[in-house]
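Visitor: Could you walk me through some features of this model and show me how to read each one?
Guide: Gladly; here is what we will be looking at.

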Amino acid sequence: MTDPTCAGLFPEPDGTSDRPLVWDDRSGVWRTADDIRSLSLRLAQRIEQPGKQLVFLLATNAPETLVGLLAASAAGHAVALIDPTLSPDRLDDLVRDYRPDLVIGTGAGALCQPGNWNVAPSDGVFPEIAARIGATGPSDIHPDLGLLLLTSGTTGSSKFVRLSWAAVTANARQIAASLAITRESVAIAHLPFHYSYGLSVITSHLAMGARIAFIDDALTSPTFWDKVADCGGSHFPGVPFHYRVLTRLGLDRAPSSVTCFTQAGGHLEALTQTTMIAACEKRGARFYVMYGQTEASPRMSCVPSDRLLDKLGSVGLAMPGGRLSIIDGEGRPLPAGETGGVVYEGPNVMMGYATCRADLSLGDTTGGRIETGDLGRLDAEGFLFLSGRAARFAKIAGLRLSLDDMERQLAGLGTVACLDLGERIAVVFEGDVPEGAKEQARTLALACKIPAATFQLRALPEIPRKTSGKMDYARAKEALNV
């Protein structure tokens with residue numbers, strides 16, 4: 001039976017459903033909550049099946065993706081948000097490993113093998129829909145599974161984070177409370193829809209009945225701020241790259257309607273933070289620094305805007321209803337001030353991971369608790385300060401990137417070590433930088449969807465090693481003086 005609340009993502013009407021809700025930068029037109037709900041429920045009825053289905057939703061920054069997400073949730077299905085710009089080989093691998101029952105969005109038919117699918121082209125109202133022949137019947141998908149998001153960063157991984165709709169909606173409410181989102185807020189939805197940060201901007205505003213303006217321009221586009229002014233955007237979400245651009249160009253480019261700036265997706269250096277704090281204070285705006293992972297739907301902490309200066313360098317307090325703690329190498333809790341592994345517990349934690357279709361039948365394997373893989377400490381007030389990563393990952397432009405995976409991709413060039421330098425990655429070769437390294441690094445950057453300038457090619461006569469023979473990355477950093 002179709003769920004009019006769309007699994008809690010779209011609360012029931014409260015008498016104001018005729019107010020503007022979603023703005024499309026292609027037309028410059030607002031659609032009402034009634035319009036979006038009607039479209040979503042009509043599409044839900046069209047894709048409803050006796051059993052729970054897996055839907056691949058080809059996600060673009062547009063209202064039709066929101067309608068597809070709401071429709072699939074209303075129909076009781078599990079939705080995987082897919083970046084349609086992934087390479088054809090990667091998309092084919094995902095279809096092979098997860099065998100989706102439905103594929104929705106532009107290009108759905110092209111992604112599916114002829115003869116195995118019924119394809120309904122877009123009719124101008126609903127998107128293109130490909131339905132696997134013979135997909136109906138008893139479901140092999142766990143009843144609680146709602147959303148699948150790819151773990152960011154590995155160039156060939158098919159690993160998804162498994163989330164319940166309860167976790168997604170819980171985090172939406174947590175974020176709304178932390179950022180003081182109200183019905184009058186207008187989200188500037190310019191981050192990719194399939195990216196957990198971008199999705200959380202949409203869900204946190206939707207939960208409050210606030211408006212959402214879809215803008216598909218890059219921040220550096222000459223039309224970006226004109227579109228923000230046209231829609232009256234009030235909440236600008238960004239990753240470190242965006243704030244480096246903003247502080248260089250000046251916040252006066254943003255129209256006066258923008259009164260809230262939020263940052264997540266990696267470490268933002270103190271100088272840029274203090275510049276943003278001063279600029280926001282001057283214009284009467286608020287600036288928030290947040291921390292999270294896709295595994296937490298995705299936000300885990302937030303620094304209140306009025307505490308940024310006296311807690312500079314912190315990523316904040318745990319989300320409302322969540323809890324942060326620090327443990328040692330044996331899993332024992334550590335007191336305030338001591339550094340160890342960061343643990344988060346809360347209603348927004350994932351059910352677990354999936355690497356193939358069979359994993360979609362699994363229930364909750366985390367118990368609402370995740371060890372983040374980050375190192376940090378809590379101060380006496382419970383503010384978290386991060387100091388590094390326990391695992392071999394870098395975080396660039398909000399994407400978590402496996403350094404070990406990168407080394408495997410580059411191993412054909414010779415002995416290589418990849419080192420996390422914050423918003424840069426040092427690619428260190430033993431001996432000399434080999435011919436073709438620059439080109440291969442550029443190809444790898446393209447596959448990872450990060451700027452080619454992220455990679456710094458370096459060489460050492462010999463990469464330091466531990467007595468075990470494994471690379472000593474700390475000593476390699478010292479040898480490079482970074």
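The dialogue below takes aromatic pairs, charges over rings, helix packing and some backbone details in turn.

Visitor: What should I know before I start?
Guide: This is a predicted model, in which local features need pLDDT of at least 70 and side-chain atom pairs count only at pLDDT 80 or more, while totals for chains, interfaces and linings use all residues. Residues are numbered from 1 along each chain as its sequence is written, and side-chain values use heavy atoms, with hydrogens and water left out.

Visitor: How many aromatic pairs does a search of the whole structure find?
Guide: Rings of Phe, Tyr and Trp (its six-membered ring) pair if their centres lie within 6.5 Å; planes under 30 degrees apart count as stacked, over 60 as edge-to-face and the rest as tilted. Searching the whole structure gives nine aromatic pairs. In one of them, the ring centres of Phe236 and Phe261 are 6.1 Å apart and the planes stand at 55°, so the pair is tilted.

Visitor: Which parts of the chain does that pair link?
Guide: Helices (H or I, at least four residues) and strands (E, at least two) are DSSP runs, numbered from the N terminus. The pair links distant parts of the chain, with Phe236 in strand β12 (residues 235–238) and Phe261 in strand β13 (residues 260–263), 25 residues apart.

Visitor: Is Phe236 buried or exposed?
Guide: Buried means under 20% relative accessible area, exposed over 50%, and partly exposed in between (1.4 Å probe, protein chains only). Phe236 has a relative accessible area of 0%, so it is buried. Phe261 is buried too, at 0% relative accessibility. Ring pairs also join Phe236 and Phe261 with Phe224, Trp225, Tyr243 and Phe287 in a cluster.

Visitor: Where do charged ends sit over rings?
Guide: A charge sits over a ring if NZ of Lys or CZ of Arg is within 6 Å of the ring centre and within 35 degrees of the ring normal. The charged end of Lys159 lies over the ring of Tyr353, 4.1 Å from its centre. For Arg299, the charged end is over the ring of Tyr197, 5.2 Å from the centre.

Visitor: Which residues of helix α7 are buried, and what do they pack against?
Guide: Helix α7 spans residues 224–231, and Phe224, Trp225, Lys227, Val228 and Cys231 are buried in it. Down the axis of α7, these buried residues fall within an arc of 155°, so they line one face of the helix. The arc is that of the directions from the helix axis to the C-beta atoms. For packing, contact means heavy atoms within 4.5 Å. The buried residues of α7 pack against β1 (20–24), β2 (29–32), β10 (186–189), β11 (211–214), β12 and α8 (240–249). After α7 comes Gly232, with a positive phi near 70°.

Visitor: What about α8?
Guide: In α8, the buried residues are Pro240, His242, Tyr243, Val245 and Leu246. They pack against α7, β12, β13, α9 (270–283) and β14 (286–292). Gly250 follows α8 and has a positive phi, near 100°.

Visitor: How do the axes of α5 and α6 cross?
Guide: Axes are lines fitted to C-alpha atoms, for helices over the stretch in contact, and angles run from 0 to 180 degrees between N-to-C directions. Angles under 35 degrees count as roughly parallel, over 145 as roughly antiparallel, 65 to 115 as roughly perpendicular and the rest as oblique. The axes of helix α5 (residues 165–178) and helix α6 (residues 196–207) come within 8 Å and cross at roughly 80°, which means that α5 is roughly perpendicular to α6. Val168, Ala172, Ile175 and Ala176 of α5 make the contact with Ser200, Thr203, Ser204 and Ala207 of α6.
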